[in-house]
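Reader: I would like to learn how to read strands, sheets and helices in a model. Could you take me through some features, one by one?

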Amino acid sequence: MLQATLRNGTAQRRSVFELFARRLSGGRRYGVVAGVGRALDALAEFRFGEDELAWLREAEVVDDATLDWLADYQFTGSIWGYPDGEVYFPHSPVMIVEGTFAESVVLETLLLSVLNHDAAIATAASRMITAAGDRPCIEMGSRRTHEAAAVAAARAAYIAGFAATSNLEAGRTFGIPTTGTSAHSFTLLHDTEREAFEAQVRSLGPGTTLLVDTYDIPEAIRTAVDLAGDELGGVRLDSGDLVSLARTVRQQLDELGAEQTRITVTSDLDEYAIAALAVAPVDGYGVGTSLVTGSGVPTSGFVYKLVSRADDDGRMVSVAKRSQDKVSVGGRKYALRRLGPNGRAQAEVIGVDGTPVHDENDRSLLVELVRDGKRIHHESLEDSRARLRSSLAELPASARQLSKSDPVLETVYEENAS
């Protein structure tokens, strides 16, 4: 596309691309935006260096004129979007890219790969946080996904409300709190479970968390309390009937005087398993595989479509795809969340080529991210976490249900808005 438009002179036409989802994957009732900060970081470094250009030349992917254009590539346009931690619905204009066709079209895979992954993880994580209630969740999925995806997943999960991650690179890169426990291999390394627990307590102190289901759980609990006393920080259960085991372990800990010792459960948890554990005396959850794979929904279904472009006279005209089941709506979009008198969200309102009509308590959703090629949007992960809490509080109570259903808000278009 790039080479062809450079040849026929349309590469410099002003264009507007929109990143959106036609539907919410997996019957989810809302989606959570995540990855915007990562995408902006990646955009700042998006260049074609000598190695990339040499390979494109040797592989004869593009012609010399296109190689020359790529050598000087730097995005000079503008980007608006929903910030990290905002919720979205079908056809929400999650990101709007404005620039020349050439400089905008080459960003398609970059933006889609980041946001499709991160938003899927954040959406699944948000459902898990809802199921967990006041109990903290720890991200522990690094061994179940690509090494770079693991770091991104930890960031997305933290935006959604996870308390910490076991991924130290995520802690180093994004400042996310880190934590973790020992594995069964640590216990199996020692001649006895007591020797393993002794080593861990001696090294990390009595406030550590001991993994107690390698052999016999009741015996492991007795040994743990004998070594750490009532200062034992926690125990982890990683197998079996977790509801029943948690009750038994809680009773045994209390009888041994370790009333303050926390119980953390792991073992392939998803939002449904977490919800089932609400009746158990559990203090926290470690979530791995289901989280980093989006709990069965590994992508958000975002697409990147041209919705407006300049004609031969330089006037912007709406364009849209018309193929069956993949129809898009042309025109530059503007978005707000319509709120009722009680502050409860009623609809996702999308203005086409103008701002939707709104009253004083409706909330605009798009923020300026990049202006004339320069990033102007910077915020902390704490800001994103706070935004999600506020956005979720606006939604109808049915948003917190885990069963598959239609989105909790209808998306309404206002053509030729003001």
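Reader: Let us take β12 and strand β13. In which sense do they pair, and over how many bridges?

Author: Start with the general idea: strands in a sheet are paired by hydrogen bonds of the backbone, in a parallel or an antiparallel way. This is a predicted model. In it, β12 pairs with strand β13 (residues 316-318) in the antiparallel sense, over three bridges. Within this pairing, Ser318 in β13 has Ser308 opposite.

Reader: What do β12 and β13 form, and how many residues are between them?

Author: They form a hairpin, with five residues between the two strands. Look at Gly314 in the turn, where phi is positive, at about 85°.

Reader: Which residues does β12 cover, and how does it pair with strand β1?

Author: Strand β12 covers residues 302-310 and pairs with strand β1 (residues 14-21). That pairing is antiparallel and has seven bridges. To follow one of them, find Phe20, whose bridge partner in β12 is Val303.

Reader: Is Ser328 buried or exposed? And how does Lys321 count?

Author: Ser328 has a relative accessibility of 2%, so it counts as buried. Lys321 is at 30% and therefore counts as partly exposed. If neighbours within four places in sequence are left aside, Ser328 is in contact with Phe20, Ala320, Lys321 and Arg322. As for Lys321, its C-alpha atom is separated by 8.6 Å from that of Leu306, and these two residues are 15 apart along the chain.

Reader: Which strands pair with β11?

Author: Strand β10 (residues 262-265) runs parallel to β11 (residues 284-287) and is joined to it by two bridges. Val265 has Tyr285 in β11 as its bridge partner. Strand β6 (residues 137-139) also pairs with β11 in the parallel sense, over three bridges. There, Glu139 is opposite Val287.

Reader: Which way do the residues of β11 point?

Author: Gly284 and Gly286 point one way, Tyr285 and Val287 the other, and all are buried. To get from β10 to β11, the chain passes through helix α13 (residues 271-276), and this β-α-β crossover is right-handed.

Reader: How do I describe two packed helices?

Author: The description uses the angle between the two axes and the distance between them. Take helix α10 (residues 193-204) and helix α11 (residues 217-228): their axes come within 10 Å and cross at roughly 35°. The crossing of α10 and α11 is right-handed.

Reader: Which residues of α10 and α11 meet?

Author: From α10 there are Glu193, Arg194, Phe197, Glu198 and Val201; from α11, Ala220, Thr223, Ala224, Asp226, Leu227 and Ala228. By class, this contact has six nonpolar, one polar and four charged residues.

Key:
Residues numbered from 1 in each chain as written. Predicted model: local features only at pLDDT ≥ 70, side-chain atom pairs only at ≥ 80, totals over all residues. Heavy atoms only, no water. Axes fitted to C-alpha atoms, helices over the stretch in contact; angles between N-to-C directions. Helix = DSSP H or I, 4+ residues; strand = E, 2+ residues; numbered from the N terminus. Left-handed = near helix turned anticlockwise from the far one by under 90°. Contact = heavy atoms within 4.5 Å. Nonpolar A, V, L, I, M, F, W, Y, C, P; charged D, E, K, R; others polar. Pairing = 2+ DSSP bridges. Buried < 20%, exposed > 50% of the residue type's maximum accessible area, 1.4 Å probe, protein only. Right-handed = clockwise from strand over helix to strand, strands pointing away.
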